[in-house]
Structures are given as structure tokens and as C-alpha cells.
Amino acid sequence: MTAFLIIINCIVFFALQSGDDEIFYQAIEFYVEEDLLTLEQEAFEEYTLEEKGEIYDLLINPKVPQEALVPYILSDDKFAIYVKTRSDYSIEWRTKREELEAILENSITENYSFSTTESSLLTAFTSMFLHGDYMHLFSNMVFLFLFGYNLELLIGRPKMLALYILSGFAAVGFFYITSGNSATGLLGASGAIAGLMGGFAAWYGLKSIRYFYWFLVYFNYIRLPGALALLFFLAKEVIYDISSEDNVAYMAHFGGLIGGAICVWLFKLMSLNREQSVTEVTESIDIPIEDDSAERVDEHYRQGLTATQNLDFEQAKTHFYAILNEQPHNKDVLNRLYNLEKTSPESTSYARLCADILQVSIHNDSLAPLAEQCLDDLKHNGVGFKPIPANILLDFARKQVRHKKTEPIKPIISLLVQHYSHLDKLPDLLLHFAFAAGQNGDWQGKQKVLGFVSKKYPDTFAGQEAKKALQEA
């Protein structure tokens, strides 16, 4: 869903809005060529003196060319309404104004961005997908990806989409309320994205989450309540709105943050009420409940996901391990448990889980990628393969050799030779490993292993075959 929203925003900008700049330049040329600036100068002076003092200061500044004010005039919908109320609004003036507006009506941005003077639910919705320039789009899409992706995992696709839309409407509504009588336009996904940010903070509430911070060249993480992020975001928007003189709609961001936080709070409340209702109904029915394995697994899985979302990882592991007791080959549960356990690579539970994954993958090829990830992590996390039982390592290596995968198991072979050379199955494994290495082009490795086997295990079948292979070579 996050990717879908990003694609929609990009399509609107690059496909639908692509011709808007040319239309706006055409309108500027028409305005200048038809001498509308001279015709409307007096009206614009009176209007800006009453409504927009900062523009009036530019207007009376002799150093500012009059043509530089044309973009301000064309983008001010309230001035377009103002000129039509004047008593000196002549037929010539009206005709030129109508031609100008006909040019601007071809602009997607002009027609579908939200305006406080001509507000509508349609433009409140469409303005969420319009952007002013490349940087405006890029910055919004970065934040949409970061917060949308996480919220989609936490609350699901439908609720995430609903949150995006409702937050966008909240942003537009709050912007409209706080704009007063000023004629201001609004476009961009930042209000809806602010809602995702507010929703993310509201989801965790008083639970601690990690915040990234830096000071000059030093950076680190700190754990603080999630609600603190919401307070920080809100305070930042208020401060910027008061102190900044740019065209950023900070109050739209403020409204989006509030709307998103309220939406997620309601989502959580509805979810709790639904779970409570199900529990009450179940408890009120006095019938024997069969020991249904599938239902028990589903319940553990649901509670495990809920615990993960609430950052209660120990509780989540308890539920997922309960599922493994009944479904030891459950790929999804093994993946989830591995992601939870690998944060503590020195723990006994992590080593035990890795051993289980390696053992299960011997008979289940679908778990091969997870087993390979275990090997890679064990090799690089400083713990190594020692915590894994030797018989599991040996059986896993035998399967890899059968598939001619010699390179990934070299560290396992090395460990077995150094610490478990007494194992009965090891000479046979080394012999097949040598032949597989040769088939993969590692002739030097093949000769080295064959030499070791022939000398270390001369009385075994593997040792004798290794000696013959060396003589033939």
C-alpha cells in the first residue's frame, strides 16, 4: 500500500502536472502582453494594503520590477474575486480577465489544489496528491516510505490507507480553519504524511521506542516514550508557523498530526473492544471446547503478532515457540523467531534455534535460505559454530555436499576436523567434500582434503579411497 501511494503521487506529478509550468508561463505572458498589470495596479495596491502587507511593500518598492509581482497576482484566488466587486470593473477588463482564467483552467494544479476561497471536498482530496516541485515530491515520498511502511506492518493495509486519507482531510480542515480570511492555496501529501507520523507515535504511546540523535560527529540512539515524538512534532510546527515567513503550511501539518493520532487511537480502541467482546461471548457459552490443534496454533500466532507489535518480544517468543512444538517445520514462525532471537547472538536460545533451523532444513528445502542466513550470521557474529551440536553440523554439511555447495560449509568442515575428528561419519563426509570441491574447480582444496583423509584415517574405506584418488591424480 505504501508503494502504491508513492506510485500514485509520482504519476500525478510526472504525468498529470507535467504541463502546468508551461500553462502558468503562458498566463504570465498573456498578463504582461495585454497590459493587465497597468489595468489592475490600483486595485492590487488597495487589495494588498488591506490583505497582504508584505506584498504591498514589494509593490511600492521601486527596486522591485512590476513584472515580478505577476506570479503573486495570478496565484491569488481572492484577488481574482476582489477585482470583480469593484465599480470600475469595465467590459475590457472583464474580457481580459476571463481570457486569463480560461488559460489557467487548463492547469491541473490550479483546478485541483485546495483553495480557501473556493473550498470543496473534491479539492481537499485531490490536493493530497499534488506537489509544487521535484524537491517537494521527493521529501514527501521519503517520509511516506519511512512511516507508511512501518504503519502498514503495524495496523494493516486497509487501516493504513484510511489513516492516510483521513489525516489528509484533517490537515486540510485545520488549515482552512486557521487560515482565517487569507486567500491561500494548499497542495502536497505532507498533511496526510504528518498523520502517519502522528499515528506512529500514538500507536506506541507510552511505550519506549528508539530515537536517533547526533551532535556534530557523534550519533547514537536513545529510548523514550513514543508519545514524546508527537509532542515534539506538534511543538515544531507551532514554532515554525510563528517564526517562519515561507509558504509552508505548518498548520496543515499540525492538523494532520492530530488527526492521525486520533485515528490510530480509535483503531486501537476498536480492536480492544472487539477482542473483549469475543472473550465475553466465549466465556458466556458453557459448552465443552475440543482440544483443536489448528485453533490453538491460530490463537498463539495472533497473540504472538500482537506481542511483537507491542514490543513485548519475550511474550511473542513464548507464543511462537508454542507453535513450533506442534509445527516444527513452520517456515513463517521460524523466520519470526529467528529475527527475535538474533538480537542476542550469545544467548543459549539463539544457538538452540539455529540448531533447530539447520536440522529442519535437512529435510525441508524451503528452509534452505533461512539456514544459510543462520550460517552467515553465526560466522560473522563472533560466536561461531561451536554452540551447534556436532551431529547437526555434520548432517547439514552432508546435505550441502550432495548439492555441491562446498564454499559455504568450509568453516563447518574446519570446525569438525579441529574438534570432532573422532566422529565415525566424518571421514566419509570429507571424502565426498573433496570430490565436490574438485567438481567446483577447487583442485588445490581437493588435493589437500584427500591428503588429510588418507593420512588421518588410513584404515577406513574413506582413507583408502582418498589414497587411490591421489595416486590416480
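This note goes through aromatic ring contacts in a predicted model.

1. Residues are numbered from 1 along each chain as its sequence is written, and side-chain values use heavy atoms, with hydrogens and water left out. Because the model is predicted, local features need pLDDT of at least 70 and side-chain atom pairs count only at pLDDT 80 or more, while totals for chains, interfaces and linings use all residues.

2. The structure holds 18 aromatic pairs, where rings of Phe, Tyr and Trp (its six-membered ring) pair if their centres lie within 6.5 Å, and planes under 30 degrees apart count as stacked, over 60 as edge-to-face and the rest as tilted. One of them joins Phe 14 and Tyr 134, a tilted pair with 5.9 Å from centre to centre and 40 degrees between the planes. Since Phe 14 belongs to helix α1 (residues 2-16) and Tyr 134 to helix α10 (residues 134-155), this pair ties together parts 120 residues apart in sequence; helices are DSSP runs (H or I, at least four residues), numbered from the N terminus.

3. Phe 14 is partly exposed at 46% relative accessibility, whereas Tyr 134, at 58%, is exposed; buried means under 20% relative accessible area, exposed over 50%, and partly exposed in between (1.4 Å probe, protein chains only).

4. Phe 129 and Tyr 164 have ring centres 6.1 Å apart and planes at 45 degrees, so this pair is tilted as well. Phe 129 sits in the loop between α9 (121-126) and α10, and Tyr 164 in helix α11 (residues 157-178), 35 residues apart. Phe 129 is buried at 10% relative accessible area, and Tyr 164 is buried at 0%.

5. Phe 129 and Tyr 164 also belong to a cluster, linked by ring pairs, that includes Phe 125 and Phe 169.

Definitions and conventions
Helix = DSSP H or I, 4+ residues; strand = E, 2+ residues; numbered from the N terminus.
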